Amino acid sequence: MNIIVCIKQVPDTSEVQIDPETNTIVREGVPAIINPFDENAIEAAVQLVEEHGGTVTVISMGPPQAEDALREALAMGADEAILISDRCFAASDTLATSYVLSSAIRQIGDYDLILTGKQAFDGDTAQVPPGIAEHLGIPQVTFAIGLEVDGKALTVRRLLEDEFEVTQVEMPAVVSCVKQMNEPRRPGIKAKLAAKKKNVQVWDQTCMDVDACLCGLDGSPTRVVRTFAPTRNTEGTRFEGEPKETATAVIEALIDDKII
Amino acid sequence: MDFSFTEDQQMIVDAVRELGEEELAPRASEIAERGEFPWENVELLREMDLCGVPVPEDYGGLDMGFLTWGVVGELLSYYCSTTGAIFGAHMLAQYPIMQFGTEEQKQKYLVPLTTGESIGAFGLTEPNAGSDAGAVATRADLKGDKYILNGTKVFISNGGEAEVYVIIANIDPSKGTRGQTAFIVEKGMPGFEFGKDEKKMGWDALPNRELIFQDCEVPVENVLYRTGRGFRVAMETLGIGRLGMAVGAVGLAQAAFDAAIVYAQQREQFGQRISEFQAIQFKLADMATGIEASRLLYQRAAWLKDQGEKYEKLAAMAKVYSSEMVSRVTSDAVQIHGGVGYTRDFPVERYMREAKLFEIVEGTSEIQRGIIANRVLREHRI
């Protein structure tokens, strides 16, 4: 089976810092990494191909430095990598991004499954995977924690807030993966060295059948009016004492604040 | 001249740093406290292809030389000194087989040592053959197509846990060092047992065990290099061992320094951070300088080795200098921490206990100075 994994390079914002002047994320000096959920998607793809045969193609839309993320994916076991990079794709919102990615996927053509992370670490919208599925007109299953392939049938176990849901779709389909799905492998030095030598294709808009009006800023109906860092609340309330009494006090406080 | 890493070296450094920060450092103190061989870390070294950095690719290695090996070893020691020491001791079996082994021996032993399937150890030291390495009393007597080994090795790093041992024994004590012969001995060979695991001042998770040979039968094809040439095998292996010690000392010293310089900027006394007192500043300056100088020494020694040039003098210099440096630096790190530095709540007391070992193993400081003096006098004969 042929699997395409869509990944995004994001700043390693385990400690997010917001510039108070511009209200944007401080990116200077913050290393770029593969969006953590996308690593789960890569791992799932590599495992499926190890079991069923086929190839894993990893694609990313982004600036030239996103090549590093693609090479990391190659080191994790992906077979091919394509960087989708063009100035006219810059400033794409989730609609335009999913349009460009779906155009690239159409161009690749031969695929059975498209895997993505559940959402990007920086934007947190989770809109791109469903967008890709809509553009391609194929089924989508979000928040997958488990995958099982049987011929063209794909059984997906979804992680919902309070329960699991098991659903079955016919491939090709788009599936977004959650963190609990697997433990992404740590590529060894040999795999990293080999990945350095592999070819990463770079596709600009001329490599795909895309309408420039639907890409970049022009293709993005989203308008960012204002971004701001959430104000930091002052002191919380501390409840101390015997567990039983403390629990009662907490419940009363929550009721008073009309939270429960 | 170029002091920067190549792109590949930088990639390895980044990967080992990530491994160290995520996996090794968080458990380092617990491993030392627990005192058990950290197989979980050995498993990580395997997964990361770090068990054979200088070994040629044909045998499964990275073929990246001893300088890269040293840099990796320094980082491992920085994040988890025990793991760094295991990594170093492993090379003491791997290197002589790589250097002196036959093709069959390399396929049988070097390949699994390089993939990390086996762990290695080197057995030279005996109760009466420490600094005087020529006094090895372990006997090897030829009987048919086997050598029969009898004797006891002590303080053997990785002993008991390792599968592959390079052992120095004497086939003809009347010939002294010219009777010494190196053997590859496998764990589990009949007559090969493990004795006491030393209780030490530090390094509780690093085994230093007795190896006991009682009529241990070793096939003749396990003679490493030639009979009667074991002393040369031992000396060449010790050259790498010294490099490994310098590397470990620098890693440990850097860990102590990093802990101290953070603490010095957090701790306040007399209304200011103690890093603002010149007494502390001068300590930090000397610590940083010692570490930097030691690092350059081991890197130059390793570089010479990688160029195929004589490196023994530099390796001895790196070993003696960095081992005395790490004792000073870790002691100063405890001093900067004051009372809490003496407690087990902070890692610096462990670093200080571990540091002393570097001045003793792989040739004491006195032996190193003897080697250096011998070389410089030979170089400057008038």
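Trainee: Is W39(B) buried, partly exposed or exposed?
Mentor: This is a predicted model. In it, W39(B) has a relative accessible area of 31%, so the residue counts as partly exposed.

Trainee: And F37(B), buried or exposed?
Mentor: F37(B) is buried, at 9% relative accessibility.

Trainee: How many aromatic pairs over all chains?
Mentor: The whole structure holds 14. In one of them, the ring centres of F37(B) and W39(B) lie 4.8 Å apart with the planes at 65°, so that pair is edge-to-face.

Trainee: What about the rings of F270(B) and F277(B)?
Mentor: Their planes stand at 85° and their centres are 6.1 Å apart, so they are edge-to-face. F270(B) is exposed at 77% relative accessibility, while F277(B) is partly exposed at 25%.

Trainee: Which residues do ring pairs link into a cluster?
Mentor: F66(B), W69(B), F87(B) and Y95(B).

Trainee: Switching to chain A. Where is D112(A)?
Mentor: D112(A) sits in the loop that runs between α3 (94-108) and β6 (113-117). Its relative accessible area is 13%, which is under 20%, so D112(A) is buried.

Trainee: What does the side chain of D112(A) make a polar contact with?
Mentor: The side chain of K152(A), at 3.0 Å. A polar atom of the D112(A) side chain also lies 2.6 Å from the backbone nitrogen of N2(A). Beyond four places in sequence, the contacts of D112(A) include M1(A), M171(A) and P172(A).

Trainee: Which residues make the nonpolar surface patch?
Mentor: I251(A), I255(A), I259(A) and I260(A), covering about 410 Å². I255(A) belongs to helix α6 (residues 243-256) and is partly exposed at 46% relative accessibility.

Conventions:
Residues are numbered from 1 along each chain as its sequence is written. Chains are lettered from A and ligands numbered from 1 in the order in which they are written. This is a predicted model: local features need pLDDT of at least 70, side-chain atom pairs count only at pLDDT 80 or more; totals for chains, interfaces and linings use all residues. Side-chain values use heavy atoms; hydrogens and water are left out. Helices (H or I, at least four residues) and strands (E, at least two) are DSSP runs, numbered from the N terminus. Buried means under 20% relative accessible area, exposed over 50%, partly exposed in between (1.4 Å probe, protein chains only). A polar contact is a pair of N or O atoms within 3.5 Å; within protein, one must be able to donate a hydrogen and the other to accept it, and residues adjacent in sequence count only if both atoms are side-chain atoms. Contact means heavy atoms within 4.5 Å. Patches are made of residues with over 30% relative accessible area and no salt bridge: like charges are joined within 9 Å, nonpolar side chains (Val, Leu, Ile, Met, Phe, Trp, Tyr) within 5 Å. Accessible areas come from the Shrake-Rupley method with a 1.4 Å probe; for residues, only the protein chains shown count as cover. A salt bridge is a side-chain nitrogen of Lys or Arg within 4 Å of a carboxyl oxygen of Asp or Glu. Rings of Phe, Tyr and Trp (its six-membered ring) pair if their centres lie within 6.5 Å; planes under 30 degrees apart count as stacked, over 60 as edge-to-face and the rest as tilted.
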